[in-house]
Amino acid sequence: MTYPVLTASTFLPSVGAALIFLCPVRLARWIALVTTIATLAVSAPLYLSFDKTSSALQFVESRPWIPSWNVAYGMGVDGISLPFIGLSAFVSVLCVAVSWNAIQVRVWEFYATLLVAETAMIGLFAATNFFLFYMFWELMVVPMFLLIGVWGGTGRVHAALKFLIFTLAGSLLMLVGLISLLHTSGTLDFEALARTDLGLTQQAWLFVAFSAAFAVKVPMFPVHTWLPDAHTEAPTAGSVILAGILLKMGGYGLLRIALPILSDAVRLFLTPMLVLSGVAIVYGAYVTLAQTDIKRLIAYSSISHMGFVTLGIFSLDRSGIEGAILQMINHGIITGALFLCVGMIYERTHTRDVAKYGGLFKVAPIYSTFLAIFCLAAAGTPGLNSFVGEFLIILGAIRVWPLIGAMAVWGVALGAAYVLWLFYRMVIGELGPGVQGVRLDLNIREVVTLAPLVALAVVIGLYPESVLGVLRGSVTQLLADVASSGGIAGRP
């Protein structure tokens, strides 16, 4: 295929952002909506024509860019990156829809910022070399900082600065590692780097530098403290992007860079990474149980859920890695949906205090039904999407380290407890003081926004092969490459 579908998908949102500033403010929402829908449509050939039997990069675009650094403009997708590109395009449409009435200040700038963020998200997952990956990684910081700092809550400045400091600290280490890698190997192409023989000492230093940046974005324990503040203060669209995409950038970096390029160092740091993952699962779940602010509750639950992701990745087991990727997609769908639900009810009640709610089913049955489905999915109920991802991760972890696998099982039990406890306090019983006399149920626009997420949760839950079939070939090849490097024994 000669049509540059990846370039079009990546930069079409930026074109829409430029158009917003050239048109009247009343058209900003419509331009953003049309642009995000068009981007989703433009990226459709990626799924319709993707060859699931091949582990090679597809839809490859490559042009010389900076010859003196041996850097090319390179884009392509494999089974690992394809689901994230689709999730980015899909989540962007939802972010525009949920902000339709919620954003009334600096509307031009808000939607332009959203579209720039979409360019950064899709570009990062489509990049085939480290230089382009780093550019989109850094570009993502700007719109996220603005979304929190300009359109956030009362503590937005503190939350935005905290996000910026943590992210830039990690990015600085990544830049140092990138320069060292270019100096040593003479290339930044991912496939070429995977074939480069690096010494164990250099790999260890590079792993520390890159993993620090990735760990901040995941976020892993103990560099997770920016996340609850960012989630709490961000507007609903910002929280959805954080949960849906930004947290996945770290896990994707571990899969795309750490495992294939630094496989010896991965084995060297395997035990501490598995322990940190187990701690994140249990610690995040216990802290979640103590939260009274709905957004902070979901934010801390994300720390626990992303602990499952890193556990699956560092299990170095095919089931574990497939489960980790699936769990990232599932977390983007379910946690994004829960933040949408929080945003929709907050617009009406202006409170996120769980104690102010109660009896929602009596006055908002449609909203309660959607919330019930997403809570059941987050609890890992069989038949919904999260169950499969967590099952595969635990299966992979038990094969490697049964004790860590047991911690993950306990994390699943705690997860079911805190999410069902949240649902009980909000929906069951007598009407809470924060919901009396308020018109609460969803309108058509909000139902249309949430309905596709329900469909995805059910489809992936009942037919997980719809995602696993796409990524299996690439995961198998990834483990084979890691094993062939002599560093670790893959378990394909």
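This is a predicted model: local features need pLDDT of at least 70, side-chain atom pairs count only at pLDDT 80 or more; totals for chains, interfaces and linings use all residues.
Residues are numbered from 1 along each chain as its sequence is written, and side-chain values use heavy atoms, with hydrogens and water left out.

Helices here are DSSP runs of H or I with at least four residues, strands are runs of E with at least two, and both are numbered from the N terminus. α14 covers residues 294-314 and α19 residues 402-427; they pack at an angle of about 160°, with their axes 11 Å apart. Axes are lines fitted to C-alpha atoms, for helices over the stretch in contact, and angles run from 0 to 180 degrees between N-to-C directions. The two helices are therefore roughly antiparallel (angles over 145 degrees).

A second pair, α9 (residues 200-217) and α11 (residues 236-261), packs at about 165° with axes 7 Å apart. α9 and α11 are therefore roughly antiparallel too, and α9 passes α11 in a left-handed crossing. Q203, F207 and K217 are among the α9 residues in this contact, with G250, G253 and I261 among those from α11.

The loop between α9 and α10 (226-233) holds P219 as well as P222. A cis peptide bond joins V218 and P219, with omega about -10°, and another cis bond joins F221 and P222, with omega about 10°. Over in the loop between α14 and α15 (318-349) sits L316, a non-glycine residue with a positive phi near 55°. For context, most residues other than glycine have a negative phi, and most peptide bonds are trans.

As for strands, β1 (residues 58-66) and β2 (residues 71-77) run antiparallel and are joined by six bridges; pairing requires at least two DSSP bridges. S62 stands opposite G74 in β2. The two strands form a hairpin with four residues between them, and N70 in the turn has a positive phi of about 60°.

Technical notes: Angles under 35 degrees count as roughly parallel, over 145 as roughly antiparallel, 65 to 115 as roughly perpendicular and the rest as oblique. A crossing is left-handed if the near helix is turned anticlockwise from the far one by less than a right angle, and right-handed if clockwise. Contact means heavy atoms within 4.5 Å.
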